[in-house]
Amino acid sequence: MIRVQSVAPDSIGAELGIVPGTELLAINGRALEDFLDWEFLTADDRFVLAARLAPGEEIEFDIERPEGTPMGVTLEPPRIRRCGNHCDFCFVDGNPRGLRTPLYIRDDDYRLSFRYGNFATLTNLKSWDLERIVEYRLSPLYVSVHATDPTIRRWLLRNPEAPDIVPQLRWFGERGIAFHAQIVLVPGVNDGAQLERTLADLYGIGPAILSVSVVPVALTEFSKRELVREPTRDECRSALAAVDRAASRALAQRGIPWCYGADDLYLQAHAPLPAAEWYGDFDQRENGVGSVRYLETRIASAADRLPELGGKRIGVVTGTAMGSLLPQVLTGLATATGGHFELIVVENTLFGSSVTTAGLLPAAAIERALLTRCERQGKGGLGLDFALLPAEAVNDDLAFMDDVPADELAARLPVPAYLSYDFADVLSELGSGNAQVGTDEHGSALPVPRSAFEAGQG
Ligand code: SF4
């Protein structure tokens with residue numbers, strides 16, 4: 001059974017009398033368990049829906065609708081599948097106390113992997129899930145492999161029950177399911193010969209493995225540092241060499257690099273990033289793979305929509321990871337717009353300075369950085385016209401990691417501020433005179449509202 005959260009007015013759902021709280025029981029006699037059942041079983045234009053409108057009032061609707069007309073029904077969020085692993089490097093253990101409850105949930109849910117690109121380990125699949133993934137063709141999925149040696153993988157996941165991943169991926173591959181895989185690099189455990197073996201095993205599975213990324217383990221000051229450490233520069237270099245070997249072979253045999261190092265791996269190895277073309281469709285950019293080049297590509301493709309900024313001063317807030325990479329991006333942006341972009345690199349005061357990604361910056365650290373910057377202005381420095389804040393630092397409810405709503409932060413800032421994923425989004429909206437509306441490259445609303453917020457001060 002799944003429950004309705006809201007119903008669009010004038011929709012088919014509303015015409016049927018479906019209201020928030022209605023329980024959707026079955027389609028064509030098949031019980032509904034979650035949003036996947038709802039989406040796949042209602043894909044036809046004709047079906048029978050069994051629903052409970054009120055306690056004791058069960059009803060069947062024989063629905064025939066014009067092709068492609070949505071039902072207009074939004075479901076309550078699914079109950080997330082919890083993770084049964086206990087990785088030493090788990091990001092949940094790395095969270096400080098006092099954050100929002102959802103930040104302490106260890107999810108390991110193939111449904112979210114299919115829908116949102118979350119990485120799952122596939123260690124908690126029941127036979128029913130296997131059938132479902134194949135029946136609904138939930139592909140591609142994003143899988144955390146880490147190591148293909150079963151013993152090493154079980155050790156990394158701290159799960160003695162974790163199934164052997166290679167046969168599992170092969171089984172899915174034979175049934176048409178493809179994967180993007182990641183290897184979180186834990187020095188002394190799955191690097192060196194283990195990394196070579198993992199890459200070779202995954203490559204040997206064939207086209208079902210669409211891409212593999214190698215990501216250096218990320219820890220905070222709250223992580224189990226007595227059990228796991230970050231890789232050194234030499235260890236990152238050695239991992240990059242393994243990535244390069246795998247990529248050279250794939251390029252020669254399959255025409256794509258297939259194996260990618262995360263931007264962080266290059267950063268920590270002090271090695272230059274590959275060119276944008278290397279990353280193809282940037283399949284793992286949400287995993288920090290090719291993010292910098294993706295940003296440059298987005299800016300270049302928006303060049304004709306960018307406004308003339310005529311010497312305006314724009315503060316660009318980011319985490320320390322991008323501090324050394326963003327100047328090259330901002331130089332291009334300044335040339336295209338005539339604006340002056342000032343990088344404001346913010347250290348993470350919530351998780352500790354070892355957490356460098358902009359996506360985990362708390363509002364308090366951003367506020368402090370911008371206030372400090374503006375104090376300089378009072379001492380003869382030049383003022384900012386507005387600031388761009390990392391949109392990936394807020395959740396769907398537009399709240400930062402420290403639970404501060406974006407508009408609350410905006411009201412406290414001394415300059416107008418906009419949430420932005422790639423600068424081009426906000427700047428082109430400003431150019432069109434509409435900074436409140438954000439759409440992605442397909443012209444549809446983004447899943448995370450990135451619409452700008454403006455303080456109206458400063
Ligand atoms: S798989 Fe490991 S890192 Fe991911 S949620 Fe589970 S314990 Fe944490």
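Strands, here, are DSSP runs of E with at least two residues, numbered from the N terminus. By that rule, Ala 417 belongs to strand 14, which spans residues 417-420. The model described below is a predicted one.

Is Ala 417 buried or exposed? Its relative accessible area is 0%, and the cut-off for buried is under 20%, so Ala 417 counts as buried. Val 316 lies 101 residues away from Ala 417 in sequence, yet the two C-alpha atoms are 9.7 Å apart in space.

Strand 13 (residues 386-390) pairs with strand 14 in the parallel sense, through four bridges. Strand 13 also runs parallel to strand 11 (residues 313-319), and three bridges join these two. Leu 388 of strand 13 takes part in both pairings: Val 316 stands opposite Leu 388, and Tyr 418 in strand 14 is the bridge partner of Leu 388.

How many of the five residues of strand 13 are buried? Five of the five are, and the strand is mostly covered. In a regular strand, side chains alternate between the two faces of the sheet. In strand 13, Phe 386, Leu 388 and Pro 390 point one way, while Ala 387 and Leu 389 point the other way. Both sets are buried.

Four strands form an open sheet in the order 7-8-9-10, with parallel pairing. Strand 7 (141-144) and strand 10 (259-261) are at the edges; each has a single partner strand, so one side of each has no neighbour in the sheet. From one strand to the next, the twist averages 20°.

Strand 9 (residues 209-216) is joined to strand 10 by three bridges in the parallel sense. Val 212 has Cys 259 of strand 10 as its bridge partner. Helix 7 (residues 192-205) packs on this sheet and touches strand 8 (179-185), strand 9 and strand 10. The direction of helix 7 makes about 175° with that of strand 8. Helix 8 (residues 233-254) lies across strand 8, strand 9 and strand 10, and runs at about 150° to strand 10.

**Helix 6**

Which residues of helix 6 (residues 165-174) are buried? They are Ile 165, Val 166, Gln 168, Leu 169 and Phe 172. Seen down the helix axis, these buried residues fall within an arc of 160°, so they line one face of helix 6. An α-helix has 3.6 residues a turn, so residues three or four places apart point the same way. The buried residues of helix 6 pack against helix 4 (127-135), strand 7, helix 5 (150-157), strand 8, helix 7 and strand 9. After helix 6 comes Gly 176, with a positive phi near 90°.

**Strands 2, 4 and 5**

Strand 4 (residues 46-54) pairs in the antiparallel sense with strand 2 (residues 23-27), over four bridges. In that pairing, Ala 26 has Ala 50 of strand 4 as its bridge partner. Strand 4 is also antiparallel to strand 5 (residues 57-64), with eight bridges between them. Arg 52 stands opposite Glu 58 in strand 5. Strand 4 and strand 5 make a hairpin with two residues between them, and Gly 56 in the turn has a positive phi of about 80°.

**Backbone features in loops**

The cut-off for exposed is over 50%.

The peptide bond from Ser 139 to Pro 140 is cis, with omega near 0°. Pro 140 sits in the loop between helix 4 and strand 7.

**Surroundings of the ligand**

What surrounds the ligand? The residues are Cys 83, Asn 85, His 86, Cys 87, Cys 90, Phe 91, Arg 106 and Thr 121. By class, this shell holds four nonpolar residues, three polar and one charged.

Notes:
Residues numbered from 1 in each chain as written. Predicted model: local features only at pLDDT ≥ 70, side-chain atom pairs only at ≥ 80, totals over all residues. Heavy atoms only, no water. Pairing = 2+ DSSP bridges. Axes fitted to C-alpha atoms, helices over the stretch in contact; angles between N-to-C directions. Contact = heavy atoms within 4.5 Å. Buried < 20%, exposed > 50% of the residue type's maximum accessible area, 1.4 Å probe, protein only. Arc of directions from axis to C-beta. Near = heavy atom within 4 Å. Nonpolar A, V, L, I, M, F, W, Y, C, P; charged D, E, K, R; others polar.
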